[in-house]
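These are my notebook entries on a two-chain model, kept in the order in which I looked things up.

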Amino acid sequence: MKRFQGLALLAVIIALLPLALPNNYYYDVAIRIGMNATIVVGLNLLIGYAGQISLGHAGFFGLGAYASAILTARYGWPPLAAMLSGMAAVGVIAFVVARPILRLRGHYLAMATLGLGIIIYMVLANESAWTGGNDGINVQPFSLLGLTLTNERTWYWVTGAVLLGAITLANNIVDSPVGRALRAVHGSEIAAQVAGIDTARYKVRVFVVSAVFASAVGSMMAHYIGFITPQMSSFFHSIELVTMVVVGGMASTYGAVLGAAVLTMLPQLLTEFEGYEMIVFGLILMLTVIFLPRGLLPTIAARLRKTG
Amino acid sequence: MLSQTLQYLFSGLTNGAIYALSALGFSLIYNASGVINFAQGEFIMLGSVSAVMLTAAGVPLPLAILLAVLVVSLVGLLLEKLAIEPAGDADVVSLIIITIGASIFLQGVAQVLFGKGQRALAPFTGDAPIMIAGASLLPQSLWMIGTGAVIVLLLAWFFGRTRLGKAVLATAHNRLAARLVGINTRHVLALSFVLSAALGAIAGVVSAPITLTSYDVGIMVGLKGFVAATLGGLGSGVGAVVGGLILGLMEALAAGYISSAYKDAVPFVLIILILFFMPRGLFGARITERV
C-alpha cells in the first residue's frame, strides 16, 4: 500500500492545484513543471538509482522535439505518430551508443555524454535546411482524432496524467528485479557482477528508458509551445535537468518532481533580481548542494521523522 | 597548397596552446582533489575580462596583466575555500553541480561588471602579420604559443625539481600517505586551485587580443580544455599538453578541409571516438580496480 501513498498524494495535488491557479500564466508554469518532472523522473532512474551520470539528456529532448516538428510539418504525419517515431528513433540511438559509453566511469562518462549532447545540439543548429537552424521552427498544435489541444487548461490535465503515468512506470521499474539490479550497480558494480548481474545490459536498458522519456517530453513541449530552437538541446539545459535530480534528491522519485518544481519556478522568481539572475541562480545552486548534499526531499523527510 | 596547410597549422597551434593551458588547469585540480572544475573556463574569461577593464581604465598593459592574474588567483582560492572544502566528500555529480554553480555565478558577476558586449585587448606587440612560406602568422599568436611553452617548462620544473611540487604530486598519488609523511594536503588543495586559476588567467590574457572577450566566452574554452585533458588522460600533465595541441590542430584542419560550421563539434566527436577504444584517454594510467 505504501508505494501508492505518494502517487495518490501527488494525484490529489494535481487535481486540486487548479483551484489555486489564478490565470494562464500560472497554468503555464505548472505545465512546464509537469513536463520537466516527467523527464527528471526518467533521468533519476539513470543518475539516482543506477549511479550513472549523463550531461547530454537535453540532446534526446531536442531530438524528440525536432522529430515531432519536422514529421508533422513537412510530411503531414499525425502528431501522435510523429511523437512515437521520435521516441523509437531516440530509443535506437540511445541503445546503439549506450554500450560503449556506459563502459566509461565517473568523469569519463560525464565527458562522453556531454560530447554526445553537444554534437546533437550542433547538428540541430547547423542543418538549417531541415531544422531552421538557430532561427528555430514553428510546430503545429497537438491533435488526436480531430481534437486539437490548444488551451493551457487542457494541456494541464494531459501533462498531469502523463506525469502520473511516468511515475507509475518508474516506481514499477524501481520495485522490480531490474530496479534491484540497478541499485546493486550503484552500490558496487563489481559486487553486482559477482552476484551474477549482467550490469552492462541493465545500464543500457535504463539509459534507453531515460532517453525515451526525454524524447517524449520533447515532443510534448514542442507542440505545447509551438516554436522550438536548438537551444532546447543545449549543454546548459542538460545541466538544468541533472540539477533538478540532484537538488530534489537522488534516488527519490518524488524528490525528482520537487527538484523539477523548484528549478522551473526559480528563474520566474528571479526576474525580480533584474540583471543579477545569474549571480543569484549560481549561488542558490552551490549553497543547496553544499548544505543539503542529499537533496531537498530526503533532507525534509529526515527532519520530519526526527521531530515527529 | 602547402602555404594553406601551414596556415591551418599556425592557427591550430595557437588555439592548441590555449586548450593545453586550460587542460593543465583541469589536470592540476583533478590530481589534487579528484574534482573536475567546470569553472575552469571562467578563470580564462575572468583573466581576459579584467585585463580589458583595467587597460580601459588607463592601467598600463604589463601591470594590468599582473593584476588580472592576481585577481583571478584570488578567485580560485576563494572557490576552493568557500565551495569545494565545505562540500567535503560529496559525490562526483554533486561536485560537478557545485563547480557549474560557481561558473554561472562568475559569469553573472562578469555580466554585471563588464556588460553583455564583446571587447578586445590591444595586441601586445602590433598586428603586422609575419609571412612564413606564404602563410601569415600574427605576432599575438607567437605570444600565445610562446607563453604556453614557457608555462609548460615552468610547471615541469616545479613538479620535477621543487619540494612543493613534489608534495603536490605525492598528494595526487595518495592523499593519506602524503599526510603521513607530513604534507599539509589542505594547502596543496588550495595551491592547486590558485595555480589553475593563474594558468587560466594567463591563457585568457594572451588570447584576448585575437579571440575577443565577453562574459560568456569561458564555456566553450572550458569544455574544450576538459576534452583535451580527457583526451590525454585525466591527471596526466604531458597528456594535457599533447591533448590540447592535438585538439587545436584537428580543429583547424577540420575547419579548413571539411566544414567550418562543424569546427566546434570536432573535439567532441574526437573524444567520443577515442574513449570508445581507449576508455582512459591516450596517456591515462591503466589501473586495476581493487575490490
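**Entry 1: a loop residue in chain A.** I first looked up Ala251(A), which is buried because 21 other C-beta atoms lie within 10 Å; I call a residue buried if 20 or more other C-beta atoms lie within 10 Å of its own, exposed if 12 or fewer, and partly exposed in between, with C-beta atoms placed from the backbone. Ala251(A) sits in the loop between α11 and α12 (253-270) of chain A, where helices (H or I, at least four residues) and strands (E, at least two) are DSSP runs numbered from the N terminus. I noted that its phi is near 55 degrees, a positive value in a residue other than glycine.

**Entry 2: what kind of model this is.** I wrote down that this is a predicted model, in which local features need pLDDT of at least 70, side-chain atom pairs count only at pLDDT 80 or more, and totals for chains, interfaces and linings use all residues. Residues are numbered from 1 along each chain as its sequence is written, while chains are lettered from A and ligands numbered from 1 in the order in which they are written. For chain B the mean pLDDT (the predictor's confidence in each residue, from 0 to 100) is 89, and 98% of its residues reach 70 or more. For the complex, the predictor gives an ipTM of 0.86 and a pTM of 0.89.

**Entry 3: chain A as a whole.** I recorded 14 helices and four strands in chain A. Its radius of gyration is 19 Å, close to the 19 Å that the globule rule gives for 308 residues, so chain A is as compact as a globular protein of that length; the radius is taken over C-alpha atoms, and the rule is 2.2 Å times the number of residues to the power 0.38. Of the 308 residues, 48% count as buried. I count two residues as in contact if their C-beta atoms, placed from the backbone, lie within 7 Å, and among contacts in chain A between residues at least 6 apart in sequence, 77% join residues at least 24 apart.

**Entry 4: a helix pair in chain A.** How are helix α2 (residues 24-49) of chain A and helix α11 (residues 235-248) of chain A packed? I found an angle of about 75 degrees, with the axes 9 Å apart, where axes are lines fitted to C-alpha atoms, for helices over the stretch in contact, and angles run from 0 to 180 degrees between N-to-C directions. That makes α2(A) roughly perpendicular to α11(A), since angles of 65 to 115 degrees count as roughly perpendicular, under 35 as roughly parallel, over 145 as roughly antiparallel and the rest as oblique. The residues that meet include Ile39(A), Val40(A) and Leu43(A) from α2(A), and Leu241(A) and Val245(A) from α11(A). By class, this contact has eight nonpolar, three polar and no charged residues; Ala, Val, Leu, Ile, Met, Phe, Trp, Tyr, Cys and Pro count as nonpolar, Asp, Glu, Lys and Arg as charged, and the others, Gly among them, as polar.

**Entry 5: chain B as a whole.** Chain B comes to 11 helices and two strands, and 53% of its 291 residues count as buried. Its C-alpha atoms fill a box of roughly 60 × 45 × 35 Å, taken along the principal axes.

Entry 6: Ala208(B) lies in helix α8 (residues 185-211) of chain B and counts as buried, with 27 C-beta neighbours inside 10 Å. Leaving aside neighbours within four places in sequence, Ala208(B) has contacts that include Ser48(B), Ala51(B) and Leu121(B). Leu212(B), in the loop between α8 and α9 of chain B, has a positive phi of about 65 degrees although it is not a glycine, and is partly exposed, with 15 other C-beta atoms within 10 Å. Pro123(B) lies in the loop between α4 and β1 of chain B and, leaving aside neighbours within four places in sequence, is in contact with Pro139(B), Gln140(B) and Pro209(B).

**Entry 7: the interface.** Finally, I found 38 residues of chain B in contact with 34 residues of chain A. The elements that give two or more residues to this side of chain B are α3 (61-87), α4 (92-114), α9 (218-232) and α11 (266-277) of chain B, and the largest share, 16 residues, comes from α4(B). By class, the side of chain B that touches chain A has 30 nonpolar, six polar and two charged residues.
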